[in-house]
Amino acid sequence: MIDRFIFTRYRTSCYHCGKEADQVIKAVPYRAQVMCENCGATRIFIPRVEEVAREGRYTPIGCYDTWEMVVPASCRNCRVTGPHDMFIGCNHFTVRCRNCGFTHFYKFDLEYMGQCPIDTEDEACR
Ligand SMILES: [Zn+2]
Ligand SMILES: [Zn+2]
């Protein structure tokens with residue numbers, strides 16, 4: 001079982017506080033989260049689809065501020081640890097294994113202010 005699938009940062013202007021700050025990105029198979037290190041604005045994404053997909057199938061479209069990055073991760077499908085293409089948009093969060101094409105597609109769920117680690121059991125963070 002892989003507890004921490006993705007853990008990375010992306011420096012950009014925060015949609016909430018407007019400052020350039022690191023956005024802390026964490027993803028596990030059952031949830032993905034993006035948190036502004038400056039103001040604590042957090043967006044939660046929940047999984048909708050997991051499948052082997054061709055490139056671009058789940059790339060978010062129609063979003064002005066899609067973030068694109070490549071992150072190392074361990075694929076649950078082919079078990080290879082290697083580069084994954086990650087796209088984060090206003091409503092979508094996708095991670096795709098470059099080796100086999102296995103794609104995690106998460107959809108935006110909710111937004112809150114605060115500092116809740118992804119592995120917390122705190123009720124306020126759900
Ligand atoms: Zn912020
Ligand atoms: Zn794979």
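Of the 20 residues that make up the largest nonpolar core, Ile6 and Ala27 touch the most other members. A nonpolar core is here a set of buried Ala, Val, Leu, Ile, Met, Phe, Trp, Tyr and Cys residues joined through C-beta atoms within 7 Å. A residue counts as buried if 20 or more other C-beta atoms lie within 10 Å of its own, as exposed if 12 or fewer do, and as partly exposed in between, with C-beta atoms placed from the backbone. The elements that give two or more residues to this core are strands E2 (20–28), E3 (31–36), E4 (41–52), E6 (81–88), E7 (92–97) and E8 (102–113), and E3 gives the most, with four residues. Helices (H or I, at least four residues) and strands (E, at least two) are DSSP runs, numbered from the N terminus.

This is a predicted model, in which local features need pLDDT of at least 70 and side-chain atom pairs count only at pLDDT 80 or more, whereas totals for chains, interfaces and linings use all residues. Residues are numbered from 1 along each chain as its sequence is written, while chains are lettered from A and ligands numbered from 1 in the order in which they are written.

If residues up to four places away in sequence are not counted, Ile6 touches Ile25, Lys26, Ala27, Val71, Ala73, Met86 and Val95, where contact requires that the C-beta atoms of two residues, placed from the backbone, lie within 7 Å.

Strand E6 takes part in two antiparallel pairings, with E5 (residues 67–74) and with E7; two strands pair if DSSP finds at least two bridges between them.

| Strands | Bridges | Residues between them | A bridge pair |
|---|---|---|---|
| E5 and E6 | eight | six | Glu68 and Phe87 |
| E6 and E7 | five | three | Asp85 and Arg96 |

Both pairs form hairpins. Arg79 is found in the loop between E5 and E6, and its phi is near 70°, a positive value in a residue other than glycine. Most residues other than glycine have a negative phi. Arg79 is classed as exposed because 11 other C-beta atoms lie within 10 Å.

Gly89, in turn, has its place in the loop between E6 and E7, and this glycine is partly exposed because 18 other C-beta atoms lie within 10 Å. Although Gly89 and Glu68 are 21 residues apart along the chain, their C-alpha atoms are separated by 8.9 Å.
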